[in-house]
Amino acid sequence: VVEFFKKLNSTINRYRLQKELVKADAVITSSKQQVEFYVKYGVPREHCYTTPLYFNGDKLSKFKTTMGDYFVFIAQNRIDKGIHLLKEVLAHCNSNVKVVAAFASQNGIDFALQHFGLQPFVDSGILEMRNECTWKTNLGEVIAASRGVINPSIWPSTTEFVLLEVLGLKKPIFTYKVGIHPEIIKSGQNGFVADAPETMAIQINELANNDSLYYDISEGAYKLYQQMTDWGGWKNTLIEILTR
């Protein structure tokens, strides 16, 4: 009974939201995929505006970016963030690849080792489980000194802050073809997009052994960051909406 009323309440809320959205003069989005969601919801396409996402990147300026010899997985024990796929990626990585899984707590590490099949990779030396890694401690330094960031999320994200933080630190990012990723990331130019763990591992192996490729993608990643957080673009979109 409780579950029934939860679902009923959720359906009612979605219906109310839909009634309001379709009457809106403008709906601001950050991805083409999001526009398609709104159009399916009943919002006229001409009322949808795609604009850079406002993001305050001041905290990134204090970090010095260098090319490291390890990759970072910003760990969350959530299926939508792809932690269950990490073992499949690592299984196809070369032995010289080193990955740091940055966890906020030891409890998170213990849970991951117990549930996601990562212990063999810790034992082999490919994977290091690092504790107490948050933006309030040393996560920024860990990312800035890495060779790239592995983001195996399967959530159809529009624009998440993790993506912007990594690009803002000029790091190559490895993602799947979900959400905004295939719209903005060009493999081998400003990051990497894959359709399977094996493909992602091949990309990681290549970057691990190619310094020149790292520098090229690092530059491309930062250019993408600037485009995606351009305040001028956001301002121009608002002016267009208000004056149309």
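Let's start with how the chain folds back on itself: among contacts in the protein chain between residues at least 6 apart in sequence, 70% link residues at least 24 apart. Keep in mind that this is a predicted model. The protein chain has 244 residues, and 45% of them count as buried. Taken along the principal axes, the C-alpha atoms fill a box of roughly 55 × 50 × 35 Å.

Now for the inside. The largest nonpolar core has 35 residues, and Phe71 and Ile204 are the ones that touch the most other members. Helix H9, residues 197-208, gives the most to this core, with 5 residues. Have a look around Phe71: leaving out residues up to four places away in sequence, Phe71 touches partners including Val97, Val99, Val100, Phe174, Ile204 and Leu207. Lys98 and Arg147 are also among the residues that Phe71 touches. Apart from this core lies another one, of 27 residues, with Leu60, Ile143, Ala144 and Met228 among them.

Met228 turns up again where two helices meet. Helix H7 (residues 161-168) packs with helix H10 (residues 211-228) at an angle of about 130°, and their axes are 8 Å apart. Angles from 65 to 115 degrees count as roughly perpendicular and those over 145 as roughly antiparallel, so H7 is oblique to H10. Their crossing is left-handed. On the H7 side, Leu163, Leu164, Leu167 and Gly168 take part, and they meet Ala221, Tyr222, Leu224, Tyr225 and Met228 in H10. Sorted by class, this contact has 8 nonpolar residues, 1 polar residue and no charged ones.

Conventions: Residues numbered from 1 in each chain as written. Predicted model: local features only at pLDDT ≥ 70, side-chain atom pairs only at ≥ 80, totals over all residues. Heavy atoms only, no water. Core = buried A, V, L, I, M, F, W, Y, C linked by side-chain atoms within 4.5 Å. Buried < 20%, exposed > 50% of the residue type's maximum accessible area, 1.4 Å probe, protein only. Helix = DSSP H or I, 4+ residues; strand = E, 2+ residues; numbered from the N terminus. Contact = heavy atoms within 4.5 Å. Axes fitted to C-alpha atoms, helices over the stretch in contact; angles between N-to-C directions. Parallel < 35°, antiparallel > 145°, perpendicular 65-115°, else oblique. Left-handed = near helix turned anticlockwise from the far one by under 90°. Nonpolar A, V, L, I, M, F, W, Y, C, P; charged D, E, K, R; others polar.
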